[in-house]
Amino acid sequence: MMRWLLLVPALSGCPKVAPCEPWKGWELTALSDAPGERLEACSPSLLRWRVVSGGVPGAWLGQLEAMTPDGGWRLWRRTALVRPATVGVRVEVVPSRQDLVISLTPDPTIDVDQALADLRPPASR
């Protein structure tokens with residue numbers, strides 16, 4: 001019993017991190033909460049979920065391209081989600097038997113400004 005009492009002050013000094021951040025703040029957890037989807041991992045460096053009977057990666061990415069996720073995110077080259085003033089997020093869609101497993105990871109190597117410029121429609125003349 002005494003060991004547990006000694007551990008409490010040590011744990012109370014640990015920083016508290018809200019579950020699923022930065023994903024909730026970035027408004028990307030909404031991508032993983034549709035019917036038939038199951039969240040598998042949510043940490044500061046990974047958001048991963050399973051789409052049960054999910055089909056093929058290309059079709060899922062096509063749907064993501066066609067929609068505008070909350071928070072102003074846009075899919076760039078079917079490999080990353082980007083928005084102004086935020087680190088890019090790498091998107092990986094992998095088939096797993098009948099399901100799809102989607103993983104998002106922050107990736108500071110993505111040139112967000114260039115990606116957004118690529119996504120802008122050409123100026124009309």
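I shall describe the sheet, then the helices, the disulfide and the pocket.

Please bear in mind that this is a predicted model.

Let me begin with the sheet. Six strands build an open sheet, and their order across it is S1-S2-S6-S5-S4-S3, with antiparallel pairing. Strand S1, residues 37-43, and strand S3, residues 74-76, stand at the edges; each has a single partner strand, so one side of each is left without a neighbour in the sheet. From one strand to the next, the twist averages 25°.

S1 and S2 run antiparallel and are joined by six bridges. These two strands, S1 and S2, form a hairpin, with two residues between them.

Which residue in S2 is the bridge partner of Arg38? That partner is Arg50. Arg50 also stands opposite Val101 in S6.

Next, the helices on the sheet. Helix H2 comprises residues 57-66. H2 packs on the sheet and touches S2, S3, strand S4 (80-82), strand S5 (88-96) and S6. The direction of H2 makes about 145° with that of S5. Helix H3, residues 112-119, lies across S3, S4 and S5, and runs at about 95° to S3.

How many disulfides does a search of the whole structure find? The search finds one. This disulfide joins Cys20 to Cys42, with an S to S distance of 1.9 Å. The pair links distant parts of the chain, 22 residues apart: Cys20 belongs to the loop between helix H1 (2-12) and S1, whereas Cys42 is in strand S1. Strand S1, as I noted, is one of the edge strands.

Finally, the pocket. The largest pocket has a volume of about 190 Å³. Its lining consists of Ala30, Leu31, Ala34, Glu37, Val51, Gly54, Ala59, Trp60, Gln63, Leu64 and Met67. By class, the residues of this lining divide into eight nonpolar, two polar and one charged. Which element gives the most to the lining of the largest pocket? Helix H2 does, with four residues.

Thank you for your attention.

Terms used
Residues numbered from 1 in each chain as written. Predicted model: local features only at pLDDT ≥ 70, side-chain atom pairs only at ≥ 80, totals over all residues. Heavy atoms only, no water. 1 Å grid on protein atoms, 1.4 Å probe; cavity = no way out; pocket = protein on both sides within 12 Å on 5 of 7 lines; lining within 4 Å. Points joined across faces, edges and corners; volume = space filled by probe spheres on them. Nonpolar A, V, L, I, M, F, W, Y, C, P; charged D, E, K, R; others polar. Pairing = 2+ DSSP bridges. Axes fitted to C-alpha atoms, helices over the stretch in contact; angles between N-to-C directions. Contact = heavy atoms within 4.5 Å. Disulfide = S-S within 2.5 Å.
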